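Hi everyone, thanks for coming. Let me put the structure up on the screen and walk you through a few parts of it.

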Amino acid sequence: QTMEQQLRRALERNELSLHYQPRLSAKGARLLGVEALLRWNSPVLGAIPPSEFIPIAEESGMIRAIGGWVLQQACEQWVRWQALPQGQGAHPLADVSISVNLSAAQLSDPALVSDIEALLARTGMPAHRLELEITESQLMDNAHAAAQQLAALKALGVQLSIDDFGTGYSSLAYLKRFDIDRLKVDKSFVRDMLTNPADMAITRAIIALGHTLGLRIVAEGVEDLATAQVLGALDCEELQGYYFSRPLPLDHLEAWALQHR
Ligand code: G
Ligand code: G
Ligand code: NA
Ligand code: MN
């Protein structure tokens, strides 16, 4: 059987799951949000990374069902976190934002906005706690259509981030027109920024550009304390990476959040 045939059955067979990676404030390391990352554990093929199966899902049209499932799981999970036992004060996962990655095919789907609107209504998820991540190349491939789609999403009240920023070829003219909230500096620059002067220069330039446009900056791929401290000193607002936590299955994330508080 091909991977495509296996993937067709993965949803109904409960082989897909979400892992969650924390995102923290650079000052104070407060938990601000979690990024949902899709995992496929096939009993036949083993663990397949999303970089392998998302393209197949896109080409075969399955992305609508799979992407819809991811969005629904994320919203339902967020709502469940509101009801966790509170102890003293709120549970650390109550009121965080939850980020979901959108694929190119989802972004160009004319039904995306009404699907998300219906999902928010059905689950009771507040729009401003849902964040959608779109890569720079997805936006620039069809910038005009993307700008319209983002404006419609923004009108729902959701948050928008440009993911993997710095790896594509952004038109600054378009960047200004996209109604986005955050830039996520690609991990390839962050990882070596303390040893590679070019990576440091690029990271600083992205932070400065983002701030000029009124955006918040997230650094991805923060793997050590020294990098986290330098990013904080450069006024990068938010940090994500293995130094704080890998993407975690739900039960591990909940334990991490209680311990981290
Ligand atoms: O977590 P990991 O390194 O395996 O993620 C690899 C890539 O897969 C990342 O680029 C990430 O954005 C993408 N990805 C993870 N989950 C999803 C998802 O739910 N939808 C889409 N479209 N991409 C995802
Ligand atoms: O493309 P996107 O940014 O959505 O991809 C997120 C991917 O980056 C996930 O697969 C996640 O596992 C990975 N990731 C998250 N933090 C780190 C990190 O600190 N170092 C490295 N190398 N990868 C990371
Ligand atoms: Na992402
Ligand atoms: Mn990213």
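Let's begin at Ala-74: leaving out neighbours within four places in sequence, Ala-74 is in contact with Leu-18, Ala-36, Ile-98 and Val-100, where contact is C-beta atoms, placed from the backbone, within 7 Å. A quick word on the model: it is predicted, local features need pLDDT of at least 70, side-chain atom pairs count only at pLDDT 80 or more, and totals for chains, interfaces and linings use all residues. Residues are numbered from 1 along each chain as its sequence is written, while chains are lettered from A and ligands numbered from 1 in the order in which they are written.

Back to Ala-74, which with Val-185 and Ala-219 touches the most other members of the largest nonpolar core, a set of 61 residues. Helix H3, residues 63-82, gives the most to this core, with eight residues. By core I mean buried Ala, Val, Leu, Ile, Met, Phe, Trp, Tyr and Cys residues joined through C-beta atoms within 7 Å. Buried means 20 or more other C-beta atoms within 10 Å of a residue's own, exposed means 12 or fewer, and partly exposed is in between, with C-beta atoms placed from the backbone. Buried residues make up 36% of the 261 in the protein.

Overall, the protein has twelve helices and ten strands; these are DSSP runs, H or I of at least four residues for helices and E of at least two for strands, numbered from the N terminus.

Now, which residues surround ligand 1? They are Leu-37, Leu-38, Pro-49, Pro-50, Ser-51, Ile-54, Val-70, Asn-101, Leu-102, Ser-103 and Pro-247, taking as near any residue whose C-beta atom, placed from the backbone, lies within 6 Å. Helix H2 gives the most to this shell, three residues. By class, the shell around ligand 1 has eight nonpolar, three polar and no charged residues. Here Ala, Val, Leu, Ile, Met, Phe, Trp, Tyr, Cys and Pro count as nonpolar, Asp, Glu, Lys and Arg as charged, and the others, Gly among them, as polar.

Ligand 2 has 13 residues around it, and Gly-221, Glu-223, Gly-241, Tyr-242 and Pro-247 come nearest. Its shell divides into four nonpolar, four polar and five charged.

Last stop: Leu-194, in the loop between helix H9 (187-191) and helix H10 (197-212). Is Leu-194 buried or partly exposed? Leu-194 counts as partly exposed because it has 14 C-beta neighbours inside 10 Å. Beyond four places in sequence, Leu-194 touches Ala-226, Thr-227 and Val-230. Thanks, everyone!

Notes. Two residues are in contact if their C-beta atoms, placed from the backbone, lie within 7 Å.
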